[in-house]
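I opened the model to look up a few local features. My notes follow in the order in which I made them.

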Amino acid sequence: MTAARRFYVTTPIYYVNDKPHIGHAYTTLACDVLARFKRLDGFDVKFLTGTDEHGQKVEKSADAAGVAPQALADANSANFRDLAAALGCSNDDFIRTTEPRHVAACQDLWRVLVEKGEISLGAYEGWYSVRDEAFYGEDELTVGPDGAKRAPTGAPVEWVKEPSYFFHLSRWQDRLLAWYEANPDCIAPTSRRNEVMSFVKGGLQDLSVSRTSFSWGIPVPGDSAHVMYVWLDALTNYITAAGYPDTQGGAFTRWWPADLHMVGKDIVRFHAVYWPAFLMAAGLEPPKRVFAHGWWTNEGQKISKSLGNVIDPLMLIEKYGLDQVRYFLLREVPFGNDGDFSHRAMVNRMNGELANDYGNLAQRVLSMIGKNCAAQVPQPGALADDDRALLDAAYGLLPALRDALDRQMFHEGLEALWVVVRAANAYVDRQAPWALKKTDPARMATVLWVLAETIRALALLTQAFMPTASARLLDQLAVPEVRRGFDSFGAGHALAAGTPLPPPAGIFPRFVEVEQGAN
Ligand code: ME8
């Protein structure tokens, strides 16, 4: 397998101080769509997700709950693992930072950084936010309404003074800028790239990478009074799962550098500044790309536990269906922008685009074939211009979708698919196969074949987004499992006339319940 045909994609590893919510589901789903799409496209894929279990935030949450940090981590890590399964995620690995493989990787990376003179002992004095697990400079802080200083994220900060090891981040400013310049796609979208570059141009301070005031973390090799800074620990997960520290091993050479770290915009600095600097300092390659997506609000409000408006993704799946939720989250908001969740928007898309546009197209075509073509793929005659135009549009979708998903523009890919869904519905209306049934049954058969073949193309391409519904559609077209990869896309693998078809059944129900209080 050459490097070009492999794809290593990661989600952030989520903190175990809390339960998963829609934001976590969003990032993980986006990665799942990419992983599935690439597998269908013949790539060897590694899709990693997991949980971030150390640090002061988790230790404090465990204290507050009166449980040991490991017990809190065990319980909440299981919630994240269950969420990935409930989302239909096809992750190949689930990493926990308390696993021995990860502790070994972190300690090895530490030793390498010390040997190379990139880490040395000093003392930290400055601001720290436990909620963000981040150090902030005085000039980054604002004063909240209560007169207390706050991080740019709004999180409270506290003054910390303790012995600490430092990573000499300040030495990496020029090399980071050179890396951004030489790799225009390494941070996306552009707004985030600009933000990161201006942060780095503003000058970098050495980074405190160990703590002594609490103990829930990976011990610093040779100095057990210190635990590693949780972000150094957490970021390392991406190489642990690729087999580090065995850098000569098949796994590492196969998977590293990762093709894509998908993250939310809140943690772009850690991934696009600290992480490439740690890696380059250790003599390892930085990731190929970091994409920082936007932030979801709920019915216009910031999602927070204190506001009591956290959206439980399991509740959404139960209420609307998994494929519907997957579709909505990736269609509603241009990926990279912030977005607002509302039940009204969810129902509109379900009913308009899934039930009416896509579902109805499939339903009416398949039931006409069931009734009028002896439940077999119809025999097409010579194709007219109108037929060819629709098929060409459908066959043109694969390159369009590849391009959109290589840029993580999920909404663009889905929009392109729906242009063809709508074109197919307009073609049905124009060609009126129900009328042809009496006047020209041979032409009716051609029209229905063109439509069935268009639906095959659409269903192949919606698989990554909506695996269950797409599989049901492909079943109804009698497309065998071995013909569902993208090597079976296109005219060369078109539906064969005479293939028996199972009885059609609706795929996307309309959602009818009127929610009390829904806006
Ligand atoms: O930051 N909208 O973990 P975390 C969209 N452990 N995405 C959201 C979101 C929202 N409202 N809320 C959360 C951490 N997310 C670290 C990561 S990685 C080496 C360590 C998603 O549990 C988004 O992907 O706070 C965000 O970056 C991530 O959850 C933060 O998860």
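I began with Pro245, which sits in the loop between helix 8 and helix 9 (250-255). For the names I used DSSP runs numbered from the N terminus: helices are H or I with at least four residues, and strands are E with at least two. The peptide bond that leads from Tyr244 to Pro245 is cis, and its omega is near 10°.

I noted what I was working with before going on. This is a predicted model, in which local features need pLDDT of at least 70, side-chain atom pairs count only at pLDDT 80 or more, and totals for chains, interfaces and linings use all residues. Residues are numbered from 1 along each chain as its sequence is written, and side-chain values use heavy atoms, with hydrogens and water left out.

I then looked up another cis peptide bond, which joins Ala188 and Pro189 with omega at about -10°. Pro189 is in the loop between strand 9 (187-188) and helix 6 (190-201).

Next I checked Ala374, which has a positive phi near 55° although it is not glycine. Ala374 lies in the loop between helix 13 (343-372) and helix 14 (385-395). I wrote these entries down because most residues other than glycine have a negative phi, and most peptide bonds are trans.

I turned to the ligand. Which residues are closest to the ligand? Of the 22 residues that surround the ligand, the closest are Ile13, Thr27, Asp52, Asp266 and Trp296. A residue counts as near if one of its heavy atoms lies within 4 Å. The shell has 11 nonpolar, nine polar and two charged residues. Here Ala, Val, Leu, Ile, Met, Phe, Trp, Tyr, Cys and Pro count as nonpolar, Asp, Glu, Lys and Arg as charged, and the others, Gly among them, as polar. Strand 1 (6-15) gives the largest share of the shell, four residues.

A polar side-chain atom of Asp52 is 2.7 Å from a ligand nitrogen. A ligand oxygen is 2.8 Å from an N or O atom in the side chain of Asp266. The ligand taken alone exposes 670 Å², and the protein buries 94% of that. These areas come from the Shrake-Rupley method with a 1.4 Å probe.

The axes of helix 12 (residues 322-332) and helix 16 (residues 410-431) come within 7 Å and cross at roughly 110°. Helix 12 is therefore roughly perpendicular to helix 16, a term for angles of 65 to 115 degrees. The axes are lines fitted to C-alpha atoms over the stretch in contact, and angles run from 0 to 180 degrees between N-to-C directions. Tyr327, Leu330 and Arg331 in helix 12 meet residues of helix 16 including Phe410 and Trp418, where contact means heavy atoms within 4.5 Å.

The axes of helix 5 (residues 173-182) and helix 10 (residues 268-281) come within 10 Å and cross at roughly 105°.

Conventions
Angles under 35 degrees count as roughly parallel, over 145 as roughly antiparallel, 65 to 115 as roughly perpendicular and the rest as oblique. A polar contact is a pair of N or O atoms within 3.5 Å; within protein, one must be able to donate a hydrogen and the other to accept it, and residues adjacent in sequence count only if both atoms are side-chain atoms.
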